[in-house]
Amino acid sequence: MGKLNSLRQLALQKFKKNFWGVFSFCFIVFVGLVSVFAYVFAPDNSRYANQMHLAIHSKKPGFKVTMLTIPSKIEANQSAFDKMFFGKKNTETEIPISEYSFKDDVLIYKEYASDGLEGAEKTIHISKFPNHSVTQFIKEKNFLFGTDKYGRDLLSRVLVGARISFFIGFVAVFISLVIGVFMGSLAGYFGGKVDTVIMWIINVTWSIPTLLLVIAITLALGKGFWQVFIAVGLTMWVEVARVVRGQIISAKEMQYVTAARALGFKDYRIITKHILPNIMAPVIVISAANFAAAILIESGLSFLGIGAQPPMASWGAMIKDHYNYIILGKPYLAMIPGFCIMSLVMAFMLIGNALRDALDVKN
């Protein structure tokens, strides 16, 4: 046990010396915090950041507009916890305006109209506002990343969309580890017919293209949030199973396994207590790679329209909605979510490389 702890400390020291590994780890932690508290950071904290303003669609980053918020008498019974983690149930109406004035007890405002068009002039009685105070409901709104084709705040959509891309990695890797370690352990330790049957299942699954298998599972389970998570996880266990099987075949001939058998320990204890803790290094490395692969697969599914469904924010769906804007002079609408996917995938690949170097005790 002392030797195992010393090896862990040595691996940790080697990892700390790897700049890109530490940088990637910090970046992943940052993205994780952003994805968990997305609605706290997002300028538009409505559910799925889905506040649409068609009058200000496809505006450039840094666009500013005066926004009139008309309160609603409908009360959204929502706890602070629900609002923080799942977004605000919006009952208010937001209207972009270009100018406004007061006459007696009436607010006169002109709706924002793009391309030099004249906006419609409308009126509303100030009695519709609490305490007849209107000015607190008229504020300038800044869209740091601009707006998408539906007039939604692009920054808010990117922040909320991080949640799907980040958590699909966790769920998919967890499912792949549970199935892969179980199947690989059985095949590697017992061998014989058990190994033959499991290897046949692995080879059949391996021969089917990943995206095709995910699409088939998604169509069988139905379109949706959790269906995609499960579908991606069910396609990624094969690599884990092959690695675990190979490692166990080598490890089960070691002296400590022979000693455990001689002491009369059961197979379950030998596998879980003695073999698996000693072969987890390559499994951790492959899990980091699977994390990155899961993000790419989910983005591909959302791009094809069978991933996270509207109005849910997803980086892949954002690229799908705006890829034609690349040739229409507004490439940032597709490039911003694309850059987010690239950055997160690269971070997991770099941390995977850093872990591989750190866990290689021979160097």
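**Exercise 1. How do the axes of H5 and H14 cross, and within what distance do they come?**

Before starting: this is a predicted model, where local features need pLDDT of at least 70, side-chain atom pairs count only at pLDDT 80 or more, and totals for chains, interfaces and linings use all residues. Residues are numbered from 1 along each chain as its sequence is written, and side-chain values use heavy atoms, with hydrogens and water left out.

Step 1. Find the elements: helices (H or I, at least four residues) and strands (E, at least two) are DSSP runs, numbered from the N terminus.

Step 2. Take the axes, which are lines fitted to C-alpha atoms, for helices over the stretch in contact, with angles running from 0 to 180 degrees between N-to-C directions. Those of H5 and H14 come within 11 Å and cross at roughly 35°.

Step 3. List the contacts (heavy atoms within 4.5 Å). H5 brings Leu154, Val158, Ser165 and Phe166, while H14 brings Tyr332, Leu333, Ile336, Cys340, Leu344 and Phe348.

**Exercise 2. Check the span of H5 and work out how enclosed it is.**

Step 1. The expected span is 1.5 Å times one less than the number of residues. For the 37 residues of H5 (residues 154-190) that gives 54 Å, and the end C-alpha atoms are 54 Å apart, so the two agree.

Step 2. Now count buried residues (under 20% relative accessible area, with a 1.4 Å probe and protein chains only). H5 has 27 of 37 buried, so it is largely enclosed by the rest of the structure.

Step 3. Look just past the end: Gly191 takes a positive phi of about 60°.

**Exercise 3. Find which residues touch the most other members of the largest nonpolar core.**

Step 1. Such a core is a set of buried Ala, Val, Leu, Ile, Met, Phe, Trp, Tyr and Cys residues joined through side-chain atoms within 4.5 Å.

Step 2. Of its 28 residues, Ile295, Trp315, Leu344 and Phe348 touch the most other members. H14 gives the largest share, twelve residues.

Step 3. Zoom in on Phe348: leaving aside neighbours within four places in sequence, its contacts are Ile28, Phe166, Ala288, Phe291, Ala292 and Ile295.

Note on methods. Buried < 20%, exposed > 50% of the residue type's maximum accessible area, 1.4 Å probe, protein only.
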